[in-house]
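Please look over the structure shown below, and read the notes that follow alongside it.

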Amino acid sequence: MKVTFYGHSCFLVEGNNKRILIDPFLKGNSQTSASPEDFNVDAIILSHGHEDHFGDCLQIASENQCPIIATYELAMYCQSQGAKVHPMHIGGAFQFEGFKVKLTQAFHGSSVNHGDHTIYTGMPAGILLTMNDHTFYHAGDTGLFGDMKIIGELNEIDVAALPIGDNFTMGPEDALIAAKWLQTNRVIPIHYNTFPIIEQDVDSFAQNLDEQGIKCHILNSGDNIEI
């Protein structure tokens, strides 16, 4: 499994000859120079509907003729905009050809802006993506919650992408607790420094993880790790 970061919360995950894009916020993302046209993918997974995660999913899905995998309400919105979709929901798993997706809970919100209206798009989610017997956990936007202990007990998580920006999500202190509860040895910090309100000292976070025996991968856009 190869995991490539494209700033904020966007990842491309490759394995089993499949390419899966998560939360493709590209246009307007100050952390990347990548554009929607750069991606040839087999599926898109959305953690929730907010603009900095929903991003360019409709354009990429249309150009690749690939499905958008999301919670039911968000998937139905995408379908109403012409996208192919695979609806799921919290706690559900599905074995696709070459990869498995399971959605976990996340404590946040989910909506899309449609013209002058804000449309509620159901519950936000975390994502467990398994390929080649390896599992990548994308927590989505979330605060710390106790069931992260259960997620860690029930799944062998090779690497976890955890938000550290605070204000809208967990901050560094809570993300450190989350990493321990998830029982992972590797963490990729996400959802920080894109906007002034979520600026954080990522080096300090990495040092605190290291003191707990957890490797922190601080990635810039285009950087990747292989599991």
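Is Phe195 buried, partly exposed or exposed?

## A nonpolar surface patch

In this predicted model, Phe195 has a relative accessibility of 31% and therefore counts as partly exposed, since the buried class ends under 20% and the exposed class begins over 50%. Phe195 lies in the loop between β14 and α6 (202-211), and together with Phe168 and Ile197 it forms a nonpolar patch on the surface, the three having about 280 Å² of accessible area together.

## The largest nonpolar core

The largest nonpolar core has 27 residues, of which Val3, Phe11, Val13, Phe99, Val101, Leu129 and Phe136 touch the most other members. At least two residues of this core come from each of β1 (2-5), β2 (11-15), β3 (18-22), β4 (43-45), β8 (99-105), β11 (125-131), β13 (159-163) and β14 (186-190), and the largest share, four residues, is supplied by β11.

Leaving aside residues up to four places away in sequence, Leu129 touches Met1, Val13, Ile20, Ile22, Ile45, Phe99, Lys100, Val101, His134, Thr135 and Phe136.

## The buried side of helix α2

Helix α2 spans residues 57-64, and within it Cys57, Ile60, Ala61 and Asn64 are buried. These residues lie on the same side of α2, because they cover an arc of only 100° around the axis. The partners against which the buried residues of α2 pack are β3, β4, α1 (51-54) and β5 (68-71).

After α2 comes Gln65, whose phi is positive, near 50°.

How values were computed:
Residues are numbered from 1 along each chain as its sequence is written. This is a predicted model: local features need pLDDT of at least 70, side-chain atom pairs count only at pLDDT 80 or more; totals for chains, interfaces and linings use all residues. Side-chain values use heavy atoms; hydrogens and water are left out. A nonpolar core is a set of buried Ala, Val, Leu, Ile, Met, Phe, Trp, Tyr and Cys residues joined through side-chain atoms within 4.5 Å. Buried means under 20% relative accessible area, exposed over 50%, partly exposed in between (1.4 Å probe, protein chains only). Contact means heavy atoms within 4.5 Å. The arc is that of the directions from the helix axis to the C-beta atoms. Patches are made of residues with over 30% relative accessible area and no salt bridge: like charges are joined within 9 Å, nonpolar side chains (Val, Leu, Ile, Met, Phe, Trp, Tyr) within 5 Å. Accessible areas come from the Shrake-Rupley method with a 1.4 Å probe; for residues, only the protein chains shown count as cover. A salt bridge is a side-chain nitrogen of Lys or Arg within 4 Å of a carboxyl oxygen of Asp or Glu.
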